[in-house]
Amino acid sequence: MASAIMILMFLFAGSCHTVDDERIPAMPVSINLSDPGLWNTYGVPGFGLFRYFIPQLREPAGFSYSVGTATGFGGILLIGGMDPFSTETNIPLAYDLACPVECDPNVRVAVDVASFEAVCPKCGSHYDVTMQGGAPVSGQASEGKHKYGLTRYQCLPSTMGGYMITR
């Protein structure tokens with residue numbers, strides 16, 4: 001009986017702090033910035049610097065989207081930050097731009113340059129995208145029983161000096 005109560009307490013304690021970062025539909029992600037020239041032009045060389053990849057809006061300007069390029073559900077936010085899992089600093093981080101509360105590919109978060117947080121223009125949720133892996137900071141995404149974080153993507157270093165953004 002005591003062990004059953006301990007298990008229930010553990011489950012309730014763990015569920016209070018769970019962040020769902022896979023709420024939006026899984027879509028392919030592939031942005032090839034592996035060439036140093038492409039990375040120097042379209043990458044993010046420092047903390048807090050960011051770029052949006054949204055083919056429908058032709059962002060970033062001048063970027064050549066190929067047949068193999070895929071930008072997730074709502075587009076990609078690429079930002080320089082700190083890996084919250086290794087505390088490695090000044091690395092590129094990538095997130096889906098779709099707000100997980102709204103779950104609509106056309107409702108995209110935007111970076112607030114004063115706070116380095118991504119903010120949803122519709123629900124008002126704020127997400128820490130430079131140090132906490134897209135975790136909700138305030139707003140609907142951080143309230144209640146279910147908390148929603150931005151979907152994270154991988155930024156894999158290439159042998160040539162750039163990065164590949166992938167799922």
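Guide: A pocket here is an open set of points on a 1 Å grid over the protein atoms alone, where a 1.4 Å probe fits, with protein on both sides within 12 Å along at least five of seven lines; lining residues have an atom within 4 Å of a point. The model is predicted: local features need pLDDT of at least 70, side-chain atom pairs count only at pLDDT 80 or more, and totals for chains, interfaces and linings use all residues. Residues are numbered from 1 along each chain as its sequence is written, and side-chain values use heavy atoms, with hydrogens and water left out.

The lining of the largest pocket consists of 15 residues, and D83, I91, P92, L93 and Y153 lie nearest the centre. Two elements, β6 (91-96) and β12 (152-157), each give two or more residues to this lining; strands are DSSP runs of E, at least two residues long, numbered from the N terminus. The largest share, five residues, comes from β6. By type, the lining divides into ten nonpolar, two polar and three charged residues. Ala, Val, Leu, Ile, Met, Phe, Trp, Tyr, Cys and Pro count as nonpolar, Asp, Glu, Lys and Arg as charged, and the others, Gly among them, as polar.

Both β6 and β12 belong to an open sheet of seven strands, with antiparallel pairing in the order β3-β5-β6-β12-β13-β2-β4. Strands pair if DSSP finds at least two bridges between them.

Definitions and conventions
Helices (H or I, at least four residues) and strands (E, at least two) are DSSP runs, numbered from the N terminus.
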